[in-house]
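Dear colleague,

I am handing over the structure below, and my notes on it follow. Please read them alongside the coordinates.

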Amino acid sequence: MERAVAESRKVPAQTWRALLDGMLATDANAQLEKIKAPTVIFWGDRETIFPLRAEQETLAKRISNAKLTVYEETGHALHWERPERFAIDLAAWLDEPGD
C-alpha cells in the first residue's frame, strides 16, 4: 500500500483533477447496453468509492452477459485485500466458455 501511495503522489495534482473531471463529465450509462463482451464486475461490500450494491447489480443487468461477484468484508482494492481469492475468481472467469 505504501508503494501505491508513493507512486500516486508522483502524479501532479492537476493530472488527478483532470482525470476526476473527465470521469465525472462522462455519462457512460447510455453506453452500457452496447457492451457485448463477456463482463465480470468484482465488487467489495465495504467499497467506499462506489459503495452501493444496487448500482453494481444494475450494471450487471444492463450489460448483457455480465456477472457480478461480491467480496464480503472487502473494500475497493480487492486484488490487494483478497489477492488469492481474486486470482482464483479471475482465472475461473477467464476459463469460462464465451458466447
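A residue is called buried under 20% relative accessible area, exposed over 50% and partly exposed in between, with a 1.4 Å probe and protein chains only. This is a predicted model, in which local features need pLDDT of at least 70 and side-chain atom pairs count only at pLDDT 80 or more, while totals for chains, interfaces and linings use all residues. Residues are numbered from 1 along each chain as its sequence is written, and side-chain values use heavy atoms, with hydrogens and water left out.

T74 is buried, because its relative accessible area is 0%. T74 lies in the loop between β2 (66-71) and α4 (78-81), where helices (H or I, at least four residues) and strands (E, at least two) are DSSP runs numbered from the N terminus. Leaving aside residues up to four places away in sequence, T74 touches G44, D45, R46, E47, E81 and R82, contact meaning heavy atoms within 4.5 Å.

The largest nonpolar core has 6 residues, namely V40, F42, Y71, L78, F86 and W93; such a core is a set of buried Ala, Val, Leu, Ile, Met, Phe, Trp, Tyr and Cys residues joined through side-chain atoms within 4.5 Å. To this core, β1 (39-44) and α5 (83-95) each supply at least two residues. F42 touches T69, Y71, L78, F86, D89 and L90, again not counting residues up to four places away in sequence.

Best regards
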